[in-house]
Amino acid sequence: MLRREMRTLSSTAGHDAAHIGAGAAGEAHLEARDVVIEYPKPGSKEMTTAVERCDLTLDRGDFVCLVGPSGCGKTTFLNAVAGFVKIAEGALELDGRPIPGPGPDRAMVFQQANLLPWRTVQANVSYGLELSRKAKKPAARQRADELLDLVGLAGVGQQYPAQLSGGMQARVNLARALAVDPEILLLDEPFAAIDAQTREVLQVELLRVCAAREVTALFVTHDIAEAAFLADRVCVFSPRPGRIVKEITVPWDRPRSHEIRRTPEFAQLCDEIADVLYGVKAGVGDEKEGSR
Ligand SMILES: Nc1ncnc2c1ncn2[C@@H]1O[C@H](COP(=O)(O)OP(=O)(O)OP(=O)(O)O)[C@@H](O)[C@H]1O
């Protein structure tokens with residue numbers, strides 16, 4: 001059964017129905033309409049347009065990947081959703097309200113884990129929760145242990161970051177983002193520095209964690225196969241100023257297993273994304289349209 005059909009069915013029953021319907025009826029969880037983002041040009045009063053007329057809609061629980069040429073504005077768009085960067089024009093809304101700035105409902109996961117080397121793994125994960133004063137220290141540390149368990153790192157809480165492999169640090173990075181219980185995860189090439197084999201394992205883990213926590217995810221990557229494996233929809237950006245020229249729907253239900261990668265359909269999907277991506281790099285991008 002295809003993923004969309006699954007969600008339609010699950011949204012009519014029990015917990016999923018309550019969760020998916022948490023916003024007003026028919027309201028998107030995250031919606032960008034005609035979003036323009038500009039930066040001042042260094043040493044000038046002029047502005048550079050990084051993102052131009054970008055449209056994107058995510059329902060609660062969606063997993064969307066953004067791919068596009070280097071410098072096309074993917075990180076800028078993610079930063080705007082995080083509330084770190086203001087939009088110049090258009091509308092960027094969470095549950096129908098303009099994004100006011102950063103908030104605990106959104107968590108960023110960067111490529112560099114940047115864990116605090118003097119704190120244990122457990123204390124790194126609980127740090128945000130302790131700072132937010134949402135939980136007292138013992139409760140925050142217990143929560144950290146639960147999240148470490150969830151990301152497959154049970155038992156390493158008392159180790160220090162330097163004692164972990166790159167893949168383990170990436171898991172801690174994810175657990176740390178989940179500690180504040182965000183509704184939206186914003187992931188900026190979180191596995192780019194990890195070896196290919198570990199990255200594939202982490203992708204499966206990420207899908208499992210997202211399903212367990214029912215989070216909405218917006219994931220930036222340069223890796224076409226990663227986007228195809230993770231996403232419900234892959235959005236291809238044009239070169240800067242970036243806008244989404246095509247949304248490609250991925251037909252499989254989530255979470256997914258590694259076997260999908262070995263299917264002809266997966267190879268075909270990757271080819272389809274690559275055709276659009278290399279087309280827009282060559283300056284022949286389509287108008288935005290759905291696919292499949
Ligand atoms: N703080 C900033 N001040 C000025 N210009 C910026 C700033 N951040 C990004 N830019 C510019 O905005 C454009 C988009 O950058 P952004 O980092 O969003 O692209 P990207 O698609 O994420 O690139 P990459 O895939 O290489 O990481 C680039 O031209 C970049 O130089």
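In strand S9, Arg-233 is the bridge partner of Val-64. This is a predicted model, in which local features need pLDDT of at least 70, side-chain atom pairs count only at pLDDT 80 or more, and totals for chains, interfaces and linings use all residues. Residues are numbered from 1 along each chain as its sequence is written. Strands (E, at least two residues) and helices (H or I, at least four residues) are DSSP runs, numbered from the N terminus. S3 and S9 (residues 233–237) run parallel and are joined by four bridges; two strands pair if DSSP finds at least two bridges between them. S3 also pairs in the parallel sense with strand S8 (residues 216–220), over four bridges, and here Phe-63 stands opposite Ala-217.

A residue is buried if 20 or more other C-beta atoms, placed from the backbone, lie within 10 Å of its own, exposed if 12 or fewer do, and partly exposed in between. Five of the five residues of S3 (residues 63–67) are buried, so the strand is largely enclosed by the rest of the structure. In a regular strand the side chains alternate between the two faces of the sheet. Phe-63, Cys-65 and Val-67 point one way from S3, while Val-64 and Leu-66 point the other way.

## Cys-210 in helix H7

Cys-210 is found in helix H7 (residues 196–213). It counts as buried because it has 22 C-beta neighbours inside 10 Å. Leaving aside neighbours within four places in sequence, Cys-210 is in contact with Phe-63, Val-215 and Ala-217; contact requires C-beta atoms, placed from the backbone, within 7 Å. Pro-255 is 45 residues away from Cys-210 along the chain, yet their C-alpha atoms are separated by 8.4 Å.

## The open sheet

Four strands form an open sheet in the order S2-S1-S4-S5, with antiparallel pairing. Strands S2 (47–58) and S5 (97–98) stand at the edges with a single partner strand each, so one side of each is left without a neighbour in the sheet. S4 (residues 89–94) pairs with S5 over two bridges in the antiparallel sense, and Glu-93 stands opposite Pro-98 in S5.

Terms used
Contact = placed C-beta atoms within 7 Å.
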